[in-house]
Amino acid sequence: MRRFKPPFMVSPNTPDSPAGNPSASGAPKSINDVVIRMAGNSQDGIQSIGAFLARLAGRSAQDVMTYMTIPSTISGGPSIFQVRMGTGDILSSGDEADFLVAFYDHSYENHIGSLRQGGILIYDSDHLTVDAGGKDFTAIGVPFTSATIEAVGGSAKEKGKNIFVLGLLCRLFDLEVAKLTALINERFGKFGEDVVRNTMLAFDAGYAWPAQNIRDIYYKLAANADHSGHPQITTDGNTAMTLGLLAAGVRYGAGYPITPWSTIMETLRVELQKYGGMFVQAEDELGAIAYALGFAYSGHLAVTGSSGPGLSLKMEALGWATMAELPLIVINVQRGGPSTGLPTNVEQSDLMQAIYGSHGDAPRIVLAPQNVEDCFHIALEAGRLAREYSTPVIILTDQALASRIEAFDEPDVDAVMVEPGPHLQNHGEEFKPYPLDALTRHAPPGSKIEGTRYPTVTGLEHDEHGHPSGNPAQHQKMTNKRRDKLRQLAKEIARPEIHGAQEGDTLLVGWGSTYGPLREATNRSCAAGQKVGHIHIRHLNPLPPELERIFSRFRQVFVVEMNDRGLYGYGQLATLLRARYANPAIRSITKTDGLAFKVSEIQAGMASLSGTRTASVSAYPET
């Protein structure tokens, strides 16, 4: 049975559905929102054309969100790229596709189930044959491969068929050719005029494909009347995170390559040099965090990062950073685990490791961005908190956010840019870098200190000057100090906003990349007359205030997260919340299939926990 999805959003003055009642004249029909899924092999450049469509949407004042899967093998394999673009507030990449572009037999067989009822299949007739008789979709065959070879010829052969498809989609949705041409020149211009010319030959061939074959499926995205008018940024989460680090004043860092963190590292390695900084690719994960700690010791806000396996290797040195109380940002782009696990798929299973993964009591701040735009702002916040509280800050992003492309208003960088550099102010004889009654203030080498012992930095327990001390009472006081500064931070965090119903039957709680699907599920539930609210937690350690008051307004609290329910029936955040608030209304909706949550899966989980029907995800009641 097909999963339910509302049909194509069609403008009020054009009540036709996309696949029904076609225009005899071939004039485009106005639509508000479309979901296009392209399925082929990773070598076909599907991600490239998906990125072109997403960036065009951003430059055309449209909202956009993408989703992709790529194989984890070097030889490549089946891959998809899904883009949802249109007007209004697009919160998810779409549960089902309105258009499916299939390159091969396996593309059709594996993804035809993702095409909504009444949707449109466009397939490469050179590679597969589709009999749509009696099916609930419209099938249109176009020879992607042979048409590209005919247009480009020479040694290029079929390598440009992805661009042929881009031209075809540009025609189908009446997209702005001039802007797409500019994007193509930006992308391929550095490779020379011949490459650009061949690319445009393939694009033009797709755009000019005989109109009588496709005239009945012309559409045009309606203008976004709600657009703010500000210039838009269209980018992925890893790029937004990197730009946020630069704005936060990060100029030094170190890392080791691992999917899906590596693109942050590669960009920092190039960009930091432009700001007089340095990024070191270390010999391993231990060396990477050691370099970063050296930068932090010298007075600079430093960054390192990895994915789950690499974060595990960094844990001993991260405990040293907690003891020495040095400002350090650690980015963990979560992926499926354990071990090598699912290196190109998404999971949220590193929460417990981020908060508690250490020997001894080693409190650290843990943050999680909720969308691509927030990746920029969470990096700014991480920099501010690391400096203010002289402590490691872990950012838990994930593979879905890392690779997803979204459009958002360009931030005022001048207003948020932080001046980097060590603070080498003078200190008098009263100076104590580790005071028991105040926040730590690290004095980097070169600081002038008069009339007192020069402080040391060590992984040993120490006194207020940093000198090693094995005194039992001193250890207790310092343990309290390192813990209590996070308790102080908890009082300063803003209470989460409740979206949807402010009280009632169900509260949805999430963190990280589940934000959009949870918002959309909440909106659908409220539109159906249900009293459903949603909060999203960006501060995972320490937790924000007043959560217990928010929970008390709802009969049931469902925590939605991409990790396993564990031995006792609860996901990782749900376990923490139940331990913290002792509220039996807190229950879990979890899954670990390596794919982002669909809105329909969240609704199915809600229904299952409410006892109405079986869910398609792992939704576990209280045990």
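Helix 1 (46-59), helix 5 (177-188), helix 8 (237-247), helix 9 (262-274) and helix 15 (399-403) each contribute at least two residues to the lining of the largest pocket. Helices here are DSSP runs of H or I with at least four residues, numbered from the N terminus. The model is predicted, so local features need pLDDT of at least 70 and side-chain atom pairs pLDDT 80 or more, while totals for chains, interfaces and linings use all residues. Residues are numbered from 1 along each chain as its sequence is written, and side-chain values use heavy atoms, without hydrogens and water.

The largest pocket holds about 850 Å³ of space. A pocket is an open set of points on a 1 Å grid over the protein atoms alone, where a 1.4 Å probe fits, with protein on both sides within 12 Å along at least five of seven lines; lining residues have an atom within 4 Å of a point. There are 31 lining residues, and R55, M68, D236, T263 and S403 are the closest to the pocket's centre. Helix 1 gives the largest share of the lining, five residues.

Helix 15 also contains A402. A402 counts as buried because its relative accessible area is 7%, and buried means under 20% with a 1.4 Å probe and protein chains only, partly exposed being between that and the over 50% of exposed residues. The C-alpha atoms of A402 and W261 are 7.9 Å apart, although 141 residues separate them along the chain.

V413 lies in helix 16 (residues 413-416). Its relative accessibility is 34%, so V413 is partly exposed.

Technical notes: Grid points are joined across faces, edges and corners, and a volume is the space filled by probe spheres set on the points.
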